[in-house]
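Dear colleague,

Please find below the structure that I am handing over to you.

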Amino acid sequence: MAVGFHITAAILMLAFAIVYASDPSPLQDFCVAIGDADAEANVFVNGKICKDPKVVKPEDFFFQGLNKPGSLSNPLGSNVTQVNVNQIPGLNTLGISLARIDFAPYGLNPPHTHPRATEILVVLEGTLLVGFVTSNPAMNMKNRLFTKVLNPGDVFVFPQGLIHFQFNNGKTNAVAFAGLSSQNPGVITIANAVFGSDPPISPAVLTKAFQVDNNVIKYLQSQFWWDNNYP
C-alpha cells in the first residue's frame, strides 16, 4: 500500500511539473536554434548577454531627458520616446520598460500591437481617445472594441498583443506615459507592416484580404508609412 502511494505521488508530482513547465517568453521577434555544425558560430541569445557584474556602473541603470517632449513634426502628430533595455541596459531580464508619448492637437498613435507586453497608460496632459480590439471571436461574431476618453490622471490598460491606439481629440497638446511588461515589448504598427513591408506583400493577397480594388492596394503601398517610435 505504501509503495503504491509513493508511486502515485511521484506520478502526480511529475504531472504537475509538466503542467507548469513552459518556454520563456521571447524577448525579440524570433530565436532560431543553431545546428551542431554551427556550434562555433556567433550565438544570438533570447534577450541580451549579461555584463560582468564587476564592471557594472550606475549609468547602466540610468536614462536622462524624459521630461523633454518629442518632436511632433510628422504627419501623425505624435512621438513615442522609448525607454527599454536598449536605452537602459540594467533593464535586461527585469521584464519592464517605459515610454513617453507626445501628441499634437488631433495627433494619433496609430493602431499597433506590442507582441511581448501589456501596456498601462496614464494621461498627464490633454484628452485622449484610446481603445483596443479583441482577438478574433467565434464564427459570425465581430471583434469587440473597448474604448474610452481619458483626461489627466486617468489610466487605461491595453492587454498584451491586442491592436490598440491613442488619439488626441483635443485642441491642445497631450502627454501620456506608458509602462510595459517587457524589457523589449516590440511594436508592430498595423498599416506600416501590411502596406509598407519590404519586400511588399503581393497585391493579390491584400486585394483578397481587404476586398478592395487592386488600385487601392497599389496606392496604399506607394505611400510613405511613418514610424513615430524613437529610441
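In what follows, Ala, Val, Leu, Ile, Met, Phe, Trp, Tyr, Cys and Pro count as nonpolar, Asp, Glu, Lys and Arg as charged, and the others, Gly among them, as polar. Please note that this is a predicted model.

By these classes, the lining of the second largest pocket has nine nonpolar residues, two polar ones and no charged ones. The residues concerned are Pro75, Leu76, Pro110, Pro111, Thr189, Ile190, Ala191, Asn192, Phe224, Trp225 and Trp226. Strand E3 (108-113) and helix H2 (190-195) are the elements that give two or more residues to this lining, and H2 gives the most, with three residues. The space in this pocket comes to about 200 Å³.

The largest pocket holds about 240 Å³ of space. Its lining has six nonpolar, three polar and three charged residues. Lys48, Ile49, Cys50, Lys51, Val56, Asp60, Phe61, Pro89, Gly90, Asn92, Thr93 and Leu94 make up this lining.

Turning to the aromatic residues, six aromatic pairs are present in the structure. In the pair of phenylalanine 132 and phenylalanine 156, the ring centres are 6.1 Å apart and the planes lie at 50 degrees, so the pair counts as tilted. This pair links distant parts of the chain, 24 residues apart: phenylalanine 132 lies in strand E5 (residues 128-133) and phenylalanine 156 in strand E7 (residues 155-158). Both phenylalanine 132 and phenylalanine 156 are buried. Together with Phe146 and Phe158, Phe132 and Phe156 form one aromatic cluster.

With kind regards

Notes:
Residues are numbered from 1 along each chain as its sequence is written. This is a predicted model: local features need pLDDT of at least 70, side-chain atom pairs count only at pLDDT 80 or more; totals for chains, interfaces and linings use all residues. Side-chain values use heavy atoms; hydrogens and water are left out. On a 1 Å grid over the protein atoms alone, a cavity is a set of points where a 1.4 Å probe fits but cannot get out, and a pocket is an open set with protein on both sides within 12 Å along at least five of seven lines; lining residues have an atom within 4 Å of a point. Grid points are joined across faces, edges and corners, and a volume is the space filled by probe spheres set on the points. Helices (H or I, at least four residues) and strands (E, at least two) are DSSP runs, numbered from the N terminus. Rings of Phe, Tyr and Trp (its six-membered ring) pair if their centres lie within 6.5 Å; planes under 30 degrees apart count as stacked, over 60 as edge-to-face and the rest as tilted. Buried means under 20% relative accessible area, exposed over 50%, partly exposed in between (1.4 Å probe, protein chains only).
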